[in-house]
Amino acid sequence: QVQLVESGGGLVQAGGSLRLSCAASGSIFSTENVDWYRQAPGKRRELVAGITTGGSTTYADSVKGRFTISRDNAKNTVYLQMNSLKPEDTAVYYCNAEIRPTIDRALYSYWGQGTQVTVSS
């Protein structure tokens with residue numbers, strides 16, 4: 001059984017920083033592309049950042065220069081470092097990972113349960 005768990009959310013003042021973690025656990029053969037999404041109340045879920053198996057990264061225009069996505073393959077964990085946070089970054093942040101379980105090595109998409117980030121002005 002594969003699980004994806006996000007952590008690191010919380011309440012921070014504008015201009016502050018948080019680091020989110022997305023940890024995959026279970027019988028995993030490999031973790032491939034991983035994306036961070038967010039969803040604010042009343043809004044659609046949007047892609048924030050992504051990282052490929054090879055380490056290439058992409059960012060939404062709204063977070064470029066402020067957020068950094070990285071991965072530690074040995075720990076099956078992807079991080080989202082968020083600096084210079086703004087009130088409009090307030091949302092539930094979700095991790096989505098493409099994972100090959102050891103049982104069949106087929107590629108599946110997994111979602112975490114989300115972690116709340118609240119930025120006060």
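Mentor: Before we start: a residue counts as buried when its relative accessible area is under 20%. Also keep in mind that this is a predicted model.

Trainee: Got it. So are Cys-22 and Cys-95 buried or exposed?

Mentor: Both Cys-22 and Cys-95 are buried.

Trainee: And what joins Cys-22 to Cys-95?

Mentor: A disulfide, with 1.9 Å from S to S. The link between Cys-22 and Cys-95 is left-handed, with -70° about the S-S bond. Cys-22 sits in strand β3 (residues 18-25) and Cys-95 in strand β9 (residues 91-101), so the pair ties together parts that lie 73 residues apart in sequence.

Trainee: How many disulfides does the count come to?

Mentor: The count comes to one disulfide.

Trainee: Okay, new topic. How many helices and strands are there in the protein?

Mentor: Zero helices and 11 strands.

Trainee: What about the radius of gyration?

Mentor: The protein has 14 Å, and a compact globule with 121 residues would come out near 14 Å, so the two agree. Along its principal axes, the C-alpha trace spans about 50 × 25 × 25 Å.

Trainee: Last one. How many positive and negative side chains does the protein have?

Mentor: There are 12 positive and 10 negative ones, and the centres of the two sets lie 2 Å apart.

How values were computed
Residues are numbered from 1 along each chain as its sequence is written. This is a predicted model: local features need pLDDT of at least 70, side-chain atom pairs count only at pLDDT 80 or more; totals for chains, interfaces and linings use all residues. Side-chain values use heavy atoms; hydrogens and water are left out. Helices (H or I, at least four residues) and strands (E, at least two) are DSSP runs, numbered from the N terminus. The radius of gyration is taken over C-alpha atoms; the globule rule is 2.2 Å times the number of residues to the power 0.38. Lys and Arg count as positive and Asp and Glu as negative; His and the chain ends are not counted. The place of a charge is taken as NZ of Lys, CZ of Arg, CG of Asp or CD of Glu. A disulfide is a pair of cysteine sulfur atoms within 2.5 Å. Buried means under 20% relative accessible area, exposed over 50%, partly exposed in between (1.4 Å probe, protein chains only).
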